[in-house]
Amino acid sequence: MARTVKTTCPYCGVGCGVLATRQPDGAVSVKGDPDHPANFGRLCSKGSALAETLSLDDRLLHPEINGARASWDEALDLVAARFSDAIAEHGPDSVAFYVSGQILTEDYYVANKLMKGFIGSANIDTNSRLCMASSVAGHRRAFGSDTVPGTYEDLEQADLVILTGSNLAWCHPVLFQRLEAAKAANPALRIVTIDPRRTATSALADLHLGLAPDTDVALFNGLLSYLSENGYLDEGYISRHTNGFEEALGAAGACDISRISEETGLSRQDIARFFDLAARTEKMVTVYSQGVNQSVTGTDKVNAILNVHLATGRIGRAGMGPFSVTGQPNAMGGREVGGLANMLAAHMALEDPAHRSLVQSFWQSPRIADRPGLKAVEMFRAVREGKIKALWIMATNPVDSLPDADGVAEALKLCPFVVVSDVTRAADTMDYAHVALPGAAWGEKDGTVTNSERRISRQRRFLELPGEARPDWWALSEVARRLGYADAFAYNGSAAIFREHAQLSAIGNGGTRDFDIGAMADLSAGAYEELPPFQWPARAGQSLHDSRFFARGGFFTPDRKARFIAVTPIELRKRERKYPFVLNTGRIRDQWHTMTRTGKTARLTSHIAEPFAEIHPEDAAALGLRDASLVEVKSSYGAVIVRAQISDRGNKGTVFVPMHWTDQFSSKGRVDAVVAPETDPHSGQPGSKFTPVSLKAVPARWYGFAVMEQKPELRGIDYWAIAPVANGFRLEFAGLEAADFTDLAGRLAGGTLAGAEITSFRDDASSTCRMAYWQDGKLRAALFFAREPVEVSRAWASGLLRLEAETPASRLRVLAGRPAADMPDNGALVCACYQIGANQILNAARGGACTTEAIGQLLKAGTNCGSCRSEIRGLIETVLTEEKTNDGIAKAG
Ligand SMILES: Nc1nc2c(c(=O)[nH]1)N[C@H]1C(S)=C(S)[C@@H](COP(=O)(O)OP(=O)(O)OC[C@H]3O[C@@H](n4cnc5c(=O)[nH]c(N)nc54)[C@H](O)[C@@H]3O)O[C@H]1N2
Ligand SMILES: Nc1nc2c(c(=O)[nH]1)N[C@H]1C(S)=C(S)[C@@H](COP(=O)(O)OP(=O)(O)OC[C@H]3O[C@@H](n4cnc5c(=O)[nH]c(N)nc54)[C@H](O)[C@@H]3O)O[C@H]1N2
Ligand code: SF4
Ligand SMILES: [Mo]
């Protein structure tokens, strides 16, 4: 009988509830959980495609030592021995853990406890350092605690939602859909986006502010002065609940719109409109994410935002508040267990001796770390300098995601002992593992995660553990046992760990700390199994209810008052002539980070299948760069070679490259090899959105595109990017030297296709060469070569494999590179759920379907997960502009 389990999506911090159904034949399907308060049944494209990512193809299923299969006992004995040797010889600070917001709270709790309480070092840091550290630091400076005051409902109850440094439409799609629905229901709701690029999110905005990179502090400081000068402050709130207002206002200076315009590059009109809107709209929410956090001035950006909300008392009330939306599914859970190198467990402070002794006595641990450990970037620097003798990396892929990523790879090569816990073997970091430990993946692991609005939900298991995969908490506890701490790590399951975590959160709390889930301290295994999603705080003896913080003050500082922080804009770094552009990096709709899961499904790779650089048309013209040619993006750290995408979405002088591509999917697309390892002085978070770079056209002699059933051997190809399609792979490639296309095709496709029949077409004048390989009457591979970027309809070609064609004429049609007249070209995929392409939407819009609803009725596009609705809106916009222009031409004519 089919069995349905309620669980939580393992991707973004929205934390959507998922119903996973497993059929008796093992087939899994997923849909949104209508009862989950984060999504009420919705899922985005990534969530909807979860079932397609469960294949065991590239799973790591057994422990390995130096690449050879080993038993768990051998592997764990070795890990324990190498860690204890290093500790004995060089002290506890010679070892480190680098973990992730993608492990469960229970895994995280155990990792933190082992390092801080038993090994006695705070050298545990996490990829949340690259993600949320500036928000944590900003919150702690202002509130005395790392508290997100609001709830998702606030976005729906607000009259003004400011989205700054957030591409919500692509990165928190379900929350974006809730906002979209709220705007439809309340036309008075205004949306402002602040981002150096126009994005799918800004398509919904009433006002888009395309500010110059890293000038946010000037803008929000300006707003603070404007509010003060025009009588919009909440004097009562300021005097009752805060300190330091005068200093903050002093630092912001007088509101001089001309100066702000100069600093931010925004027009005076836009700035004035924004300030006026913000001043007059009490119900205001400011949502912010990586455009704010990932900056060398990230913490100051956060506090500039918090200052504005504190000064107007717009915090903790319905429809009001600053809102840091978290990236990973369990970024918040990691903060709750104190997984960062400068935090203690349960939101307690590492620098507070009372907190330290409280935690130590609760753990009954032999020691407790008493000073902050190494933060991610410092940690890998220390590895490189030989100071870290043993390192355990868990659920993160630092050779792709840390800045100066080639330097990170170098460091790992030099490190005497590296343990990597992952679910896949196809992760670039695996190449550096002395010991590889197979983790339990989504669907197999069991525990809790906390989403952006402090809601704790269960991730539940609905699949058996494959091979010898084990939960991460288990591997950590087994190593702890071997280090001599069996009693403190004798967990029989995740329920026991969660209970301990809940108990610790309540000890000595009494309302003095924000994080308290004491109500769960005695949870039985059965109740844990059934645990419905709940928001914290959930203090013992108080009824569970959704709640906000700080409407009536009650901050977690010694005097319970919030602190305004005086912040000043940084001097924008003078760029050397050698590196005249600013590299901005971030996400695309259908990929998740380093693509270890979302890169496996054709449904998700068909949206964007190749790494690219978004370059302004004027810059491209000056550089002689053509659309779809190849470009090298280079900094003093490293370089990538990606496809040039000429677009005026970003400001002149800036270039955007997605963060996702790795050595598994591209020849040279790891953008973090280019990103500078400069960090914010307060949070240690890298400025991943701002690296001075140069751009250069790559002189490709020829370009190729191919679809093939078998994965080709790509060594020796100068440029390539590969992605899955139905029945095989699609490949973009290019060469710097002249090549014999027939030879090359033979090498790439022919090797595995002995005896295949070949249809080919050659035009030497234009260096065009096209070849199709047939076996048993079916298409097995098609390759297209040309001197210029290959013009072949990718959407059409991606569906060709295993096409049946017997006659020479029908076989030749494949070489045309686009569908025959009787087969429409659907264009680039927009709607992943119903596989609807851009051309279909454009045609429908030209036929009069000029709203997303009308398109939905006609084509179904955008009616399932809704992640593509912004793009549909953009396409409709294109058609409407066409019509306006045509009207104009007609009238002029
Ligand atoms: N599809 C998808 N969704 C994801 C993820 C994913 O990998 N794929 N990852 C998840 C994770 S872990 C995270 S942290 C979130 C991140 O979610 P977001 O922060 O929304 O995503 P990013 O694309 O990294 O960056 C957001 C925007 O910041 C802008 N920006 C750059 N510089 C500045 C600046 O100086 N000022 C301002 N105001 N804006 C600037 C960028 O142009 C970009 O559009 O997404 C989560 N959701
Ligand atoms: N240039 C640039 N760099 C960035 C960013 C950016 O915007 N620009 N964003 C940064 C941000 S916000 C983030 S969050 C990071 C993300 O960067 P990473 O954390 O490096 O990226 P992921 O691909 O999510 O890596 C997670 C790994 O854990 C594995 N995994 C998944 N589940 C489990 C599990 O349960 N157990 C174990 N043991 N392994 C598991 C996956 O297979 C994968 O290999 O990237 C950061 N790097
Ligand atoms: S918005 Fe999408 S990726 Fe994020 S939790 Fe929901 S379904 Fe998953
Ligand atoms: Mo993140």
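**Strands, a ligand shell and aromatic pairs**

In this predicted model, Val582 has Thr654 of strand 25 as its bridge partner. That contact belongs to the pairing of strand 21 (residues 581–586) with strand 25 (residues 654–658), which is parallel and runs over 5 bridges. Both strands sit in a closed barrel of 6 strands, ordered 21-25-22-24-23-26, where the pairing is mixed. On average, neighbouring strands of this sheet are turned by 45 degrees against each other, direction ignored.

Strand 14 (residues 390–394) is another place to look, and it is mostly covered: 5 of its 5 residues are buried. Ala390, Trp392 and Met394 point one way from the strand, while Leu391 and Ile393 point the other way. Strand 14 also has partners. With strand 6 (residues 95–99) it pairs in the parallel sense over 4 bridges, and here Leu391 is the bridge partner of Ala96. With strand 15 (residues 418–422) the pairing is again parallel, over 4 bridges, and Trp392 stands opposite Val419 of strand 15.

Turning to ligand 3, its surroundings include Cys9, Cys12, Cys16 and Cys44, along with Tyr11, Lys46 and Pro173. Helix 1 (45–48) and helix 7 (173–185) are the elements that give two or more residues to this shell. Sorted by class, the shell holds 8 nonpolar, 2 polar and 1 charged residues.

Aromatic rings come next, with 31 aromatic pairs found across the whole structure. In one of them, the ring centres of Trp702 and Phe733 are 5.8 Å apart and the planes meet at 80 degrees, so the pair is edge-to-face. Trp702 belongs to strand 27 (residues 702–708) and Phe733 to strand 29 (residues 728–735), so this pair ties together parts 31 residues apart in sequence. Trp702 counts as buried at 5% relative accessibility, and Phe733 is buried too, with a relative accessible area of 0%.

Phe741 and Phe785 make a stacked pair, because their ring centres lie 4.6 Å apart with the planes at 15 degrees. Since Phe741 is in helix 25 (residues 741–748) and Phe785 in strand 32 (residues 778–786), the pair ties together parts that are 44 residues apart in sequence. Both Phe741 and Phe785 are buried.

Elsewhere, one aromatic cluster is formed by Phe143, Phe515, Trp536, Phe549, Phe550, Phe555 and Phe556. Charges meet rings as well: the charged end of Lys113 sits over the ring of Phe489, 5.0 Å from its centre, and Arg794 lies over the face of Phe705 at 4.3 Å from the ring centre.

Conventions. Residues are numbered from 1 along each chain as its sequence is written. Chains are lettered from A and ligands numbered from 1 in the order in which they are written. This is a predicted model: local features need pLDDT of at least 70, side-chain atom pairs count only at pLDDT 80 or more; totals for chains, interfaces and linings use all residues. Side-chain values use heavy atoms; hydrogens and water are left out. Buried means under 20% relative accessible area, exposed over 50%, partly exposed in between (1.4 Å probe, protein chains only). Two strands pair if DSSP finds at least two bridges between them. A residue is near a molecule or strand if one of its heavy atoms lies within 4 Å of it. Ala, Val, Leu, Ile, Met, Phe, Trp, Tyr, Cys and Pro count as nonpolar, Asp, Glu, Lys and Arg as charged, and the others, Gly among them, as polar. Axes are lines fitted to C-alpha atoms, for helices over the stretch in contact, and angles run from 0 to 180 degrees between N-to-C directions. Rings of Phe, Tyr and Trp (its six-membered ring) pair if their centres lie within 6.5 Å; planes under 30 degrees apart count as stacked, over 60 as edge-to-face and the rest as tilted. A charge sits over a ring if NZ of Lys or CZ of Arg is within 6 Å of the ring centre and within 35 degrees of the ring normal.
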